Amino acid sequence: MTRLRLHDTLAGEKVEFEPRAGSDLITLYVCGPTVYSYAHIGNARPVVVFDVLARLLRRLYPDRKLVYARNITDVDDKINAAALDEGVEISVIADRYTEIYDRDMAALNALAPTHAPRATAFMAEMVRLIDELLARGSAYISDQEVLFDVVRYDGDTGRYGRLAKRALEDMIAGSRVEVTLNKRHPADFVLWKPSKPGEPTWEGPQGLWGRPGWHIECSAMSEAVLGLPIDIHGGGHDLIFPHHTNEIAQSCAAHGAEDPHAYARYWMHNGFLDFSGGKMSKSLGNVVLVHDLLTTYPGEVVRLALLKGHYRSPLEWTSELLEESRRGLDRLYGLMQRSGEQTVGGDEAVLEALADDLNTPRAISALFDTEGGALRSAGAVLGLLQQDPAAWFEGRADATLKAEVETLIAERLKARQARNWAEADRLRDRLSALNVVVMDNPTGATWRMKD
């Protein structure tokens, strides 16, 4: 059996994944979107990365059921602001962009998770978790806020910084820690806070009305839908601190657990996308929305582009990367089209590459060395090459256009066989005017729509 090795952020090295003894489940939790607007391409990278992991886990451990949860943050300052601007309930904004997000991620061939818990549906679980932290002395109330006592948790062990590999004081300097006068220590973080006028509010711990902090949401939702410990917890590299660090602290403190593995046994984090050497940001004007990309490129092209780099490394996002991915898929679908009937198997090299800490560049390279008849099976674990080749090349052409194109290609083939090159060129120009690219091969020609 192929052995799966993953880079565990907590261990700081590549380790062998061992399913829990005595369980027939494998659980996976990935931090999902805050649904106040369209998802950008950076948001899509963890979706695609952990979709590959989910597919791989199902392939390597067929005797166990994978339970995959990816949450939806549907209460947040940005959602509140958008709702106030439109004069609607926050659920209107959240529902709208959750639907768009799900549709866009499906276009990238990402399978739906087993659970997609929404924060507003788990308020009771959050309040219970905070109540337990208060009862254990791991949290305190100050100015109508409930705050987590980081120093009490950290003690003299330095365990608060184990995931980030940094000491408590080092993490505060230059971090996204909000320092306020009501904190015992600058690193203490909010578990529950008052809502501002006009914002939604819920009855919280000890009768405090307000809404939860961000970190407590994931701790409560993950435990509720997956149980503890979670086998694999994932997300972007930017979540290591403070979000995932705080998840570990509050979940372990609530259960009196000393070992951070009591919350999640393995931690995985994907790297950023780079744009001309820099991180994507609104201030730089280089935000690329998935929704917009899908009007220009098939979702499978975007997916392959996201998998071209190793998930833990930065990935330079360029139009050249997308065009290279398009050409690669054309080549692979062309091999499938010429090979005829698909066969099962032939995916060993792809599986071996992915079992080595999701080495997608090596797995993609292995695809190009796979026999055409086995490409569908080999591509499945990557979420690629599952279309009919003819449908891939024809793209969004309607039935009328397809019929016209096929007629012109047949006439052009006759002209070429008769060595009437002028007529063949004239027909090729007509096809180009129809926005069609013709790809000649030894047995004739295939075609696809231009971008």
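Begin by selecting strand 8 and strand 9, which form a hairpin with five residues between them; Gln206, in the turn, has a positive phi of about 55°. The model is predicted, so local features need pLDDT of at least 70 and side-chain atom pairs count only at pLDDT 80 or more, while totals for chains, interfaces and linings use all residues. Residues are numbered from 1 along each chain as its sequence is written, and side-chain values use heavy atoms, with hydrogens and water left out. Helices (H or I, at least four residues) and strands (E, at least two) are DSSP runs numbered from the N terminus.

**The sheet**

Strand 8 and strand 9 (residues 209-212) are paired in the antiparallel sense over two bridges; two strands pair if DSSP finds at least two bridges between them. Select Trp202, which stands opposite Gly210 in strand 9, and then Glu203, which stands opposite Trp209.

Now display the whole sheet: five strands in the order 5-6-7-9-8, open and with antiparallel pairing. At the edges are strand 5 (139-142) and strand 8 (202-203), each of which pairs on one side only. Helix 4 (residues 123-135) packs on this sheet and touches strand 5, strand 6 (145-148), strand 7 (189-193), strand 8 and strand 9. The direction of helix 4 makes about 125° with that of strand 7; axes are lines fitted to C-alpha atoms, for helices over the stretch in contact, and angles run from 0 to 180 degrees between N-to-C directions.

**Two crossing helices**

Move to helix 1 (residues 41-60) and helix 12 (residues 348-355), whose axes come within 11 Å and cross at roughly 115°. On the helix 1 side, select Val52, Leu56 and Arg59; on the helix 12 side, select Leu351, Leu354 and Ala355. These residues make the contact, a term that means heavy atoms within 4.5 Å.

Arg326 is found in helix 11 (residues 319-339). Is Arg326 buried or exposed? Arg326 is buried, with a relative accessible area of 5%; buried means under 20% relative accessible area, exposed over 50% and partly exposed in between (1.4 Å probe, protein chains only). Draw a C-alpha to C-alpha distance from Arg326 to Glu300: the two are 8.5 Å apart in space and 26 residues apart in sequence.

Then go to Glu394, in helix 15 (residues 389-394). Glu394 is buried as well, with a relative accessible area of 14%. Leaving aside neighbours within four places in sequence, the residues in contact with Glu394 are Lys402, Glu406, Trp447, Arg448 and Met449.

**Helix 17**

Finish at helix 17 (residues 421-433), which has 13 residues. From its first C-alpha to its last, helix 17 reaches 18 Å, close to the 18 Å expected at 1.5 Å a residue; the expected span is 1.5 Å times one less than the number of residues.

Within helix 17, select Ala424, Leu427 and Leu431, which are buried. They cover an arc of only 65° around the axis, so they lie on the same side of helix 17; the arc is that of the directions from the helix axis to the C-beta atoms. Ala422, Asp429 and Ala433, on the other side of helix 17, are exposed. The cover over the buried residues of helix 17 includes helix 16 (399-417) and strand 15 (436-441).
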